[in-house]
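Here is a short note to read beside the model. Please keep the structure open and find each residue as it comes up.

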Amino acid sequence: MTHLSYDASREIYGQLVPFWDGEDDRFEVSSLSDLDKLENIQEIEGFSEQLVESFSPVIESKNITVIK
């Protein structure tokens, strides 16, 4: 895998919590701290700008492209 993406509208979240209305931050990604452990990641997509900025040293050191 070389691409990591987050999309809160994906079907999997409704399968995990069938009656989830999408109004809370239950599945919100709050950290990219393990990004350095994913050796083959070349692109990330769908993460908040604030989150990407806070982990920019890791993202830049691994030469990861951020898709907005």
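**Notes on the predicted model**

1. Start with Ser33. This residue sits in the loop between α1 and β2. The model is a predicted one, so treat each value here as computed from that prediction. Is Ser33 buried, partly exposed or exposed? Its relative accessibility is 41%, so Ser33 counts as partly exposed. The cut-offs behind that label are under 20% for buried and over 50% for exposed.

2. Stay with Ser33 and look for Val58. In sequence, 25 residues separate Ser33 from Val58. In space, their C-alpha atoms are 8.2 Å apart.

3. Now the sheet. Strands in a sheet pair through backbone hydrogen bonds, in parallel or antiparallel fashion. Here the sheet is open, with 3 strands in the order β1-β2-β3 and parallel pairing. Which strands stand at the edges? They are β1 (3–5) and β3 (65–67). Each has a single partner strand, so one side of each is left without a neighbour in the sheet. From one strand to the next, the twist averages 20 degrees.

4. Zoom in on β1 and β2. These two strands run parallel and are joined by 3 bridges. Find Ser5, which stands opposite Glu45 in β2.

5. Next, the aromatic rings. Two numbers describe a pair of rings: the distance of the centres and the angle of the planes. How many aromatic pairs does the structure hold? There are 5. One of them joins Tyr13 and Phe27. Their centres are 4.7 Å apart, with 45 degrees between the planes, and the pair is tilted. Tyr13 lies in helix α1 (residues 11–16), while Phe27 lies in the loop between α1 and β2 (43–45), so the pair ties together parts that are 14 residues apart in sequence. Both Tyr13 and Phe27 are buried.

6. Widen the view from that pair. Tyr13 and Phe27 belong to one aromatic cluster, together with Tyr6, Trp20 and Phe47.

7. Last, empty space. A probe the size of a water molecule, rolled over the atoms, shows where such space is left. A search of the whole structure turns up 1 cavity of 30 Å³ or more. The largest cavity holds about 30 Å³ of space. Which residues line the largest cavity? The lining is made of Tyr6, Glu28, Val29, Gly46, Phe47, Ser48 and Leu51. By type, these lining residues divide into 4 nonpolar, 2 polar and 1 charged. Look again at Tyr6 and Phe47: they are in the aromatic cluster, and they also line the largest cavity.

Notes:
Residues numbered from 1 in each chain as written. Predicted model: local features only at pLDDT ≥ 70, side-chain atom pairs only at ≥ 80, totals over all residues. Heavy atoms only, no water. Phe/Tyr/Trp six-rings, centres within 6.5 Å; stacked < 30°, edge-to-face > 60°. Helix = DSSP H or I, 4+ residues; strand = E, 2+ residues; numbered from the N terminus. Buried < 20%, exposed > 50% of the residue type's maximum accessible area, 1.4 Å probe, protein only. 1 Å grid on protein atoms, 1.4 Å probe; cavity = no way out; pocket = protein on both sides within 12 Å on 5 of 7 lines; lining within 4 Å. Points joined across faces, edges and corners; volume = space filled by probe spheres on them. Nonpolar A, V, L, I, M, F, W, Y, C, P; charged D, E, K, R; others polar. Pairing = 2+ DSSP bridges. Axes fitted to C-alpha atoms, helices over the stretch in contact; angles between N-to-C directions.
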